[in-house]
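Look over the sequence and the structure first.

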4 protein chains.
Amino acid sequence: MSSSIGRELRFSIFGESHGPGIGAVLDGLPAGIPIDLDSLAFQMGRRKPGSSRLSTKRKEDDQVEFFSGFNEGRTTGGPLCLLVRNSDQHSSDYDADIPRPSHADLAVWLKEGGAADMRGGGRFSGRLTAATVAAGSVARQVLARRGIHIGAHLLRIGEHVDAAFDDSAGPELFERLAADYLPTIDPLAATRMASLIDKARMDMDSVGGAVELLCLGLPPGLGEPPFEGVEGSLSQWIFGVPGVKALEFGAGISLSSMRGSHANDAIGMVGGRPRPLTNRSGGVNGGICNGNPLRLAAYMRPTASISVAQRSVSLSRSEDTELVIHGRHDPCIVPRAVPVLESACALCLLDLLIQFEGRAWMR
Amino acid sequence: MSSSIGRELRFSIFGESHGPGIGAVLDGLPAGIPIDLDSLAFQMGRRKPGSSRLSTKRKEDDQVEFFSGFNEGRTTGGPLCLLVRNSDQHSSDYDADIPRPSHADLAVWLKEGGAADMRGGGRFSGRLTAATVAAGSVARQVLARRGIHIGAHLLRIGEHVDAAFDDSAGPELFERLAADYLPTIDPLAATRMASLIDKARMDMDSVGGAVELLCLGLPPGLGEPPFEGVEGSLSQWIFGVPGVKALEFGAGISLSSMRGSHANDAIGMVGGRPRPLTNRSGGVNGGICNGNPLRLAAYMRPTASISVAQRSVSLSRSEDTELVIHGRHDPCIVPRAVPVLESACALCLLDLLIQFEGRAWMR
Amino acid sequence: MSSSIGRELRFSIFGESHGPGIGAVLDGLPAGIPIDLDSLAFQMGRRKPGSSRLSTKRKEDDQVEFFSGFNEGRTTGGPLCLLVRNSDQHSSDYDADIPRPSHADLAVWLKEGGAADMRGGGRFSGRLTAATVAAGSVARQVLARRGIHIGAHLLRIGEHVDAAFDDSAGPELFERLAADYLPTIDPLAATRMASLIDKARMDMDSVGGAVELLCLGLPPGLGEPPFEGVEGSLSQWIFGVPGVKALEFGAGISLSSMRGSHANDAIGMVGGRPRPLTNRSGGVNGGICNGNPLRLAAYMRPTASISVAQRSVSLSRSEDTELVIHGRHDPCIVPRAVPVLESACALCLLDLLIQFEGRAWMR
Amino acid sequence: MSSSIGRELRFSIFGESHGPGIGAVLDGLPAGIPIDLDSLAFQMGRRKPGSSRLSTKRKEDDQVEFFSGFNEGRTTGGPLCLLVRNSDQHSSDYDADIPRPSHADLAVWLKEGGAADMRGGGRFSGRLTAATVAAGSVARQVLARRGIHIGAHLLRIGEHVDAAFDDSAGPELFERLAADYLPTIDPLAATRMASLIDKARMDMDSVGGAVELLCLGLPPGLGEPPFEGVEGSLSQWIFGVPGVKALEFGAGISLSSMRGSHANDAIGMVGGRPRPLTNRSGGVNGGICNGNPLRLAAYMRPTASISVAQRSVSLSRSEDTELVIHGRHDPCIVPRAVPVLESACALCLLDLLIQFEGRAWMR
């Protein structure tokens, strides 16, 4: 298992959904960086279960405890260790003998030869993303002080789509979106999505979706291609978020059916500087930021844990069986994934920025 | 810049399209591994420019020279250094003062403050992918000896799509596909794609597409999530291939509009072993191989270098101008990217396997 | 700051001496590895302060709490998070304004621009080595099950030296040494060292020393030179132990004044296998284990914190001053460093073994 | 094998002494960095064999060919690939069946199961250090432009010692030392060392020695402890230089027999700034530069390849035999290791500086 990521800013997560708790270590911050705890609590609240009728009924306080690296409102220069204790565990909800279809259960069992802890998904629980949000909130604060802002909205839930980010998107829009449980640019889209999720919930089913992210204020030239370009670096982080099954940058998938003359972003002088005049490339060419906003979309599968009867097997008896899950599940995990994805982006981009600034010093 | 990737199998590339040549170092192979040079030459041939009317007229011999790590048909245990010399350079084809829209030119110029070498795209040239194919061919040979096979086809060129891989796909199909310049499962799809590319070429334009990859024979349990799971690890490699703008695993993007009851892969006993009965997950759950074939698709933008007139700027004069590129370009880079993507997968998966087997030893 | 180390076995430490506690994350262990808690407690006890008249009077319980990765006596396959809470903090013992000579205080202040937390040495406290011992104990258990054993003794305290390890050293000797607070091969050496340390204590001074380590049972061929050879890999771990200022392998320093004909270890057939007949090389040539026991020595400076008056400065007033430290300090840190150094070796060697075994699979 | 090292500045070496040549890739330099080729050639000349009666008679041109990353006197921003071709190979000098005592031969054979290429030491040849010097020369030029200078002298050859660096050492002394084949602070020491080496040569034997290095101008605060502190980071590089068997920082080994009151460097205000007034710590405390010059010493074993008869074995026949080596060898490798060690330091410190400056940006 590889539970750490990042180069200059090193992020490690640990914990299980049904043990004492989860946590993370964020290593690489200098001493004296202020951390606004209200802002951190706000971000934690966005991901928290139980905050909407549309999410799981599992309740968690999600109180972040700073175990190290933080003192009197500022970083100490040592690794920041964050702990979030589990308060509401129902491990009996899960039967570790019957793997849940399309969950990690079977794959983990195949990997670990039966020795794995599968209570509640163990370390594969979405619960660990609380640590990503806590650390990501710290990264966002550092970025914001340098004019870099990240926002996101629900691009799609099931068949319902929202409008895409356009040129008018800015920190104000991001703030409005962050306040909504179903953040959409078009308010009507949220209404439609809410009905859809509610219907899935009543059917004991789940539904997937997609999240579009935008990042403003990144310095042109950011990114270390070919192998740690902006796209490659972000992808490793984004696919670390449970449930993500596809990722695109800019017009991404549609670019594959376009001609070059239509796909290319013409370049012009804007305010005395050369800039792409459109943003089908998503702000990045050749792995390097081109001065336009960074734009990407993560596509997520529906929650694997559903309460309708499913075909599965008994691992101990090696025979087919039926699985009915009685636990509390999100009919749609996508809304709660929004702050997680934003956080993953923030951590990744801050890491790239440290490398960028360090290298710039050599010139 | 970060030109190396991989943990136990470390791959570094170097070179420019208009310098002496390009090359790579592949580090981590033990001594005594046989390398079949015919097989390597075959893979190089698949990527080689000029092999079809549909590709660039630029001719390269693409002769691989082993500078180190190889002796009498086998690895020496030291780093394998591969060199591929440039033989046919027309650096005057490019005007480094006018960045090509949607190419890396402008982003590099913004990064390097004008000090960058932009002749022919410099190190951002697709030419460097020859090194990936050479090293990838070595990795594939190691994998094949353990029953692991990777195949790919053109899932889409412009608006034309091919049939997707299904359960019948095996090494024989992979061999047939590898022999075709336009590898498709449905032969008619290739014909339609050929016309489309030809038409783009005559219009001095380009066209994008997508490649679907399948990997058979991987051990269940492979993958080191959360941050070096199969998806996250592959994504960093795949986005290192020039032109890739989106990536999906299994049903990927379509999963985002499905319900869980439809998206989930039911599990059943198959030949005495638990296995997912369908493969919408693409062979991976929670970042770990689940016993099904690994399936992914990379979506590529159309070649940025096109010969129709485009709006751009003169960097030296800071003014808008028109760009007409007279160089030789692929009207569609996707067919030549097929062996590159297969190679990136092979290198990444071999690296994950070394980690997997090392860890297995601890039990 | 870089608080993590290791490639396949990743070790991260965190915490401060005067915060809630210290801890570590050990990532990379498969599920189902048994951990003997008595053995772990025994190792913790060896490092614990207050266990001898010769060590600091500071008392710590050093109770290891498994926050994650451990369940019912075995690893879960997720990252192992260990916490050790601080129980006895006297932060007022330290005056953060006057840096202690040869301690990290001044260097940290210069690094962090005054924002650093210097209470009790902050994260530079030897207290963090408790986490190394806890994680190291887990690694030693894995190694021991494969016949690999690590032992150490005090090679030197001040001017007093012990006999060096010779061919008769084995697990029984290691066990005897581990039971002693002043582990020496020659029992008389321990007596002399005890008097010396006691005298330094009474003089409010401190004394340095050296630790010799021996590792038996490593597979010949272990090591990934040139840059992750056995020596280079161990050195990064060993210099991570506070107070180490020099490191030698085999006859090390004396080799530099020898002739080749005297320094070389002749090779002969031993039990049907080629083996070096002497061990001046310390079991490693070219960064690779040669079949002989691995032998190294770490040289440690005397504890920087002493109670005699010293010249220093007031950082706030930018003027010379005198420093008298009233805290509780070890007159000699070397005995307590013995299990820490053994632990660092164990973690490093286990990491190298995972890489070795993974690579061996490729043949 | 792990042939690459470094984080932000990534260095990979490859090649064998008896193949086409050796080389390196240096990745991480921005575009536009000027490289003075005369200075590079000067450094290469210092390491070159055959330049003195006291070194091997093997002749190499050691011409550095820039294969990539360099154009018109400056870096292009891509990885710098350096090739040095072998011109004078006598592979028949070596009998790969009889391992040379204390050389890597036996360890490599044990590792690779007989598949290893042992002609001339293969990749374990000191020949690869030419690549380190070439890349190191580039790093030194970047450092020198920021006022950072590295110098070294022979601290010991056999029983003869030179005076240690003192406070008067500066760039002028470094320049004088770099011009000498036997660089010593005390000129008489060089004379004595020369006789000693000559005598060893006539006896067909070899002799070891030590090199002391000094680095001036490093910013206080440099170093990322605990695991990538200045000492730990440098040690991984230094032990990558063939023949190094011990390493000390500052008074290093002698500190282990001192008392704290004698070992500690008192702190005082110097020119308005707090500074250690002596330098027994070698310029680093807790892994971080304290404002004093960085001082370290590497201890090297005598050349393992000697021409007197030695006991060894025939690997193919599994029996004891006698080995007489007829090749050309350095009776003392230490003088030629001086620029190699300086280069390793330069590369390591530049890497740490990039990290340091990147992190500083966050404040």
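How many salt bridges does the rule find across the interface of chain B and chain D? It finds zero. A salt bridge here is a side-chain nitrogen of Lys or Arg within 4 Å of a carboxyl oxygen of Asp or Glu.

This is a predicted model, where local features need pLDDT of at least 70, side-chain atom pairs count only at pLDDT 80 or more, and totals for chains, interfaces and linings use all residues. Residues are numbered from 1 along each chain as its sequence is written, chains are lettered from A and ligands numbered from 1 in the order written, and side-chain values use heavy atoms, without hydrogens and water.

**The interface**

| Feature of chain B and chain D | Value |
|---|---|
| Residues in contact (heavy atoms within 4.5 Å) | 41 of chain B with 41 of chain D |
| Buried area (accessible area, 1.4 Å probe, lost on being put together, summed over both) | about 2,700 Å², 55% of it on carbon and sulfur atoms |

**The sheet in chain D**

Strands (E, at least two residues) and helices (H or I, at least four) are DSSP runs, numbered from the N terminus. Two strands pair if DSSP finds at least two bridges between them. Chain D has an open sheet of five strands with antiparallel pairing, in the order β1-β2-β3-β7-β4. β1 (4-5) and β4 (64-68) of chain D stand at the edges with a single partner strand each, so one side of each has no neighbour in the sheet. The partner of β4(D) is β7 (residues 80-85) of chain D, paired in the antiparallel sense over four bridges. There, D:E65 stands opposite D:L83.

Note on methods. Buried area = accessible area lost by both parts, 1.4 Å probe.
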